[in-house]
Amino acid sequence: MFTLWNLVEASLLCLNAVCILHEERFLSKIGWGANANVQGFGEPPTVKTQVLNLIRSIRTVVKYPLIFINIIAIVFKLILG
């Protein structure tokens with residue numbers, strides 16, 4: 001059965017996956033490293049550049065609140081099963 005909790009848990013798992021991506025060890029192997037998005041002045045950003053910026057932004061903003069959200073989710077799962 002699909003519930004609101006399943007949706008929250010799936011989004012939490014996706015945020016965790018984005019936060020643990022390591023640029024040098026994983027993203028640079030597929031050509032998405034820190035120096036892969038060099039572009040000229042005035043050029044519109046590509047989709048790849050925008051996705052990399054989104055990943056970096058999520059990692060920067062959500063890192064510490066995600067720890068507390070994970071703790072709450074674990075306690076919630078332990079109590080309710």
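Colleague: Why does Trp5 count as partly exposed?
Modeller: Trp5 has 26% relative accessibility. Buried means under 20% relative accessible area and exposed over 50%, with partly exposed in between (1.4 Å probe, protein chains only), so Trp5 counts as partly exposed.

Colleague: And where do these values come from?
Modeller: This is a predicted model, where local features need pLDDT of at least 70, side-chain atom pairs count only at pLDDT 80 or more, and totals for chains, interfaces and linings use all residues. Residues are numbered from 1 along each chain as its sequence is written, and side-chain values use heavy atoms, leaving out hydrogens and water.

Colleague: How confident is the prediction for the protein on average, and where is confidence lowest?
Modeller: The average pLDDT (the predictor's confidence in each residue, from 0 to 100) is 83, and 90% of the residues score at least 70. Confidence is lowest in helix α2 (residues 23-27), with a mean of 74, and highest in helix α1 (residues 4-19), at 91. Helices here are DSSP runs (H or I, at least four residues), numbered from the N terminus.

Colleague: What makes Trp5 and Phe76 an aromatic pair, and which kind is it?
Modeller: Their rings sit 4.6 Å centre to centre, with 50° between the planes. Rings of Phe, Tyr and Trp (its six-membered ring) pair if their centres lie within 6.5 Å; planes under 30 degrees apart count as stacked, over 60 as edge-to-face and the rest as tilted. So this pair is tilted. Trp5 lies in helix α1 and Phe76 in helix α3, so the pair ties together parts 71 residues apart in sequence. Phe76 has a relative accessible area of 36%, so Phe76 is partly exposed too.

Colleague: Which residues make up the largest nonpolar core?
Modeller: Six residues: Leu12, Cys19, Ile58, Val62, Leu66 and Ala73. To be called a nonpolar core, they must be buried Ala, Val, Leu, Ile, Met, Phe, Trp, Tyr or Cys residues joined through side-chain atoms within 4.5 Å.

Colleague: What is Leu66 in contact with, beyond its neighbours in sequence?
Modeller: Leaving aside neighbours within four places in sequence, Leu66 is in contact (heavy atoms within 4.5 Å) with Leu12, Leu15, Asn16 and Cys19.

Colleague: How do you know that α3 bends?
Modeller: The bend (the angle between axes fitted to the seven residues ending at a residue and the seven starting there) is about 55° at Val62, and a proline, Pro65, follows within four residues.

Terms used
Helices (H or I, at least four residues) and strands (E, at least two) are DSSP runs, numbered from the N terminus.
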